[in-house]
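Reader: Could you take me through this structure term by term, setting each value against its definition before a conclusion is drawn?

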Amino acid sequence: MSATENTADVIVVGGGLSGLVAACELTDAGRRVLLVDQEAEQSLGGQAFWSLGGLFLVDSPEQRRMRIKDSFELAWQDWQGTAGFDRDEDHWPRKWAEAYVRWAAGEKHSWLVEQGIKVMPQVGWAERGDGTAEGHGNSVPRFHLTWGVGPAVVRPFVAKIQAAAARGLVDLRFRHRVDELVTSDGAVTGVRGAILEPTSLERGKPTSRVEVGAFELSAQAVIVTSGGIGANLDLVRESWPQRLGTAPRHMVQGVPDYVDGRMIAITEAAGGGVVNRDRMWHYVEGIHNWDPIWTDHGIRIIPGPSSLWLDATGKRLPPPNFPGFDTLGTLGHIMRSGHEHSWFVLTRKIVEKEFALSGSEQNPDVASQSIREVVKSRLAKGAPGPVQAFVDRGVDFVTATDLDALVRGMNAKTETPLIDRAALERTIVARDREVANTYTKDLQIAAIRNARTYLADKITRVVAPHELLDPANGPLIAVKLNILTRKTLGGLHTDLDSRVLAAGGDPAGAQPVPGLYAAGEVAGFGGGGLHGYRALEGTFLGGCLFSGRAAGRAAARAVA
């Protein structure tokens with residue numbers, strides 16, 4: 001290859017969502033881009049392709065049609081109560097967070113429409129919170145599901161990049177693994193690394209790391225958009241915070257194997273600062289995929305609020321650890337219990353209406369973008385097909401017609417029996433007595449009734465309170481829940497122009513490393529952690545879009 005072929009205005013490291021958005025902004029400004037990724041072309045779009053496509057929007061047209069009263073002020077209150085910013089290095093994350101919430105309450109919806117991304121009319125209520133107005137959680141429904149799930153978020157940007165490549169503005173270098181950022185006189189001027197052998201494996205499958213060559217590329221600026229650490233379980237454990245208890249020995253992966261976190265250390269070696277390493281987002285409702293694509297492939301149950309949540313020994317989890325309320329609060333409780341798993345106990349009625357599964361491949365009706373298929377799937381009798389497949393085939397599911405059989409099945413899933421049948425019966429009977437009246441002292445039953453005051457939840461998402469032990473509502477179902485890795489909330493420290501800040505010194509006064517930018521999960525979705533300690537959901541894809549856009553625009557100005 002000639003020197004010209006190995007030179008561009010900007011190099012983008014990573015072909016995930018934030019990298020694609022950054023590259024699109026650069027080419028829109030007429031800049032030449034080299035986009036490098038260690039995976040093959042079939043994986044373009046990265047982890048976002050596998051997502052459910054949830055987007056956080058504030059005071060959207062969809063919310064207003066559902067008579068949801070939302071505002072920037074309410075969303076910012078929720079964000080701050082959720083994030084819990086309390087460190088010196090939260091200077092830039094806090095600024096990123098406020099800018100993002102303003103975007104979500106303003107231009108974001110129209111910008112998505114301009115990109116060709118549409119959301120479904122029903123707004124979901126995720127992360128319902130810790131039970132206080134100023135604490136963690138969404139005060140109102142804000143989770144907007146993309147019409148077409150994750151692939152529909154990725155598709156417009158892939159199309160733009162392919163069109164820009166045809167015009168000669170983008171050079172796509174697949175199977176190029178960056179091992180080093182090249183610096184000259186203190187500025188980042190390129191990348192070098194290994195060319196990996198070609199692969200025809202389908203998207204998401206673990207690929208070879210056999211090297212067949214080397215490369216070095218040069219540019220005026222480099223944007224790192226390489227993702228987080230979710231598939232690097234050793235690094236997850238190394239970064240695990242004490243506030244979440246002991247790091248789990250066993251976890252299932254919510255992301256493909258290539259989400260390895262390599263570029264964090266590589267960027268750090270070039271002088272970039274990393275903050276909030278111990279902030280992370282892992283789910284507690286993970287189940288083993290009966291039809292896996294990547295290593296230890298896990299799927300998250302996105303639950304409605306009705307399942308009875310028990311720890312590994314059968315004790316009911318305390319408030320506010322209800323399904324769908326406080327992910328990290330529940331994670332900390334479970335990991336301090338002395339065991340690494342927990343249980344849902346529920347009925348046929350609950351699984352049919354309240355169980356959804358994360359991942360684009362688990363929602364073929366919405367992915368099809370066919371109204372007919374969605375109506376057919378969601379309103380048909382019984383559980384949705386993908387959910388029923390897990391009930392029938394999943395190793396974490398137990399189905400039984402009576403409590404004796406259910407407990408035997410649950411105890412068969414652990415090395416030693418941990419569930420006492422009599423104690424579990426007392427817990428369920430006590431809970432069942434609380435559904436006889438519309439008022440109750442049981443906070444979970446009260447939360448279910450509150451959820452059903454939101455019409456969309458009442459019709460499609462939250463089943464009416466009923467007795468779990470009534471055979472008419474059965475059979476009984478138990479689900480063994482595992483810790484599922486997912487998102488890195490900390491990362492490369494960046495200012496509002498996505499410039500990576502140098503390590504050391506006062507975080508508020510840190511100076512940028514010349515020529516170096518970062519966006520997406522590798523930068524904690526902006527600033528090195530715009531979510532703080534917790535997330536409000538629907539904010540990960542949005543964070544990639546927002547920070548990728550900022551990085552692309554800033555780099556385009558810098559290399560003009």
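This is a predicted model: local features need pLDDT of at least 70, side-chain atom pairs count only at pLDDT 80 or more; totals for chains, interfaces and linings use all residues.

Author: What follows is a set of questions on domains, helices, single residues and salt bridges, each answered from a value and a cut-off.

Reader: Which domains does the assignment give, and what are their bounds?

Author: The domain assignment, which is automatic or taken from a database, gives domain 1 as 7–226 + 261–279 + 489–558 and domain 2 as 295–484. Taken over C-alpha atoms, the centres of domain 1 and domain 2 are separated by 33 Å.

Reader: What makes up the interface of domain 1 and domain 2?

Author: With contact meaning heavy atoms within 4.5 Å, 30 residues of domain 1 are in contact with 27 residues of domain 2. The buried area, that is, the accessible area (1.4 Å probe) that two parts lose on being put together, summed over both, is about 2,200 Å² between domain 1 and domain 2, and carbon and sulfur atoms give 56% of it. Of the area that domain 1 buries against domain 2, L52, R128 and W147 supply 29%, more than any other three residues. Across this interface of domain 1 and domain 2 the rule also finds three salt bridges, a salt bridge being a side-chain nitrogen of Lys or Arg within 4 Å of a carboxyl oxygen of Asp or Glu.

Reader: How do you know that the span of helix 4 agrees with its number of residues?

Author: Helices (H or I, at least four residues) and strands (E, at least two) are DSSP runs, numbered from the N terminus, and the expected span of a helix is 1.5 Å times one less than its number of residues. For the 14 residues of helix 4 (residues 91–104) this gives 20 Å, and because the end C-alpha atoms are 20 Å apart, the two values agree.

Reader: Which residues of helix 4 are buried, and why are they said to line one face of the helix?

Author: Buried means under 20% relative accessible area, exposed over 50%, and partly exposed in between (1.4 Å probe, protein chains only); in helix 4 the buried residues are W92, P93, W96, A97, Y100, V101, W103 and A104. Seen down the axis of helix 4, these residues fall within an arc of 165°, so they line one face, where the arc is that of the directions from the helix axis to the C-beta atoms. An α-helix has 3.6 residues a turn, so residues three or four places apart point the same way. Among the elements that cover the buried residues of helix 4 are helix 3 (72–83), helix 5 (108–115) and helix 18 (540–558).

Reader: Why is T460 called partly exposed?

Author: The relative accessibility of T460 is 32%, so T460 counts as partly exposed. T460 is found in helix 17 (residues 455–460), and, leaving aside its neighbours within four places in sequence, T460 is in contact with Q122 and K353.

Reader: What makes E285 and R300 a salt bridge, and why are both called buried?

Author: The side chains of E285 and R300 meet at 3.0 Å, N to O, and the pair links strand 12 (residues 280–288) with strand 13 (residues 298–303), 15 residues apart. E285 has 2% relative accessibility and therefore counts as buried, and R300 is buried because its relative accessible area is 7%.

Reader: What are the values for D497 and R557?

Author: The closest N and O atoms of D497 and R557 are 3.1 Å apart, and the two form a salt bridge. D497 lies in the loop between strand 19 and strand 20, and R557 in helix 18. D497 is partly exposed because its relative accessible area is 31%, while R557, with 53%, is exposed.

Reader: How many salt bridges does the structure hold, and which residues are linked in a network?

Author: The structure holds 33 salt bridges, and R177, D179, E211 and R262 are linked in a network of them.

Technical notes:
Residues are numbered from 1 along each chain as its sequence is written. Side-chain values use heavy atoms; hydrogens and water are left out.
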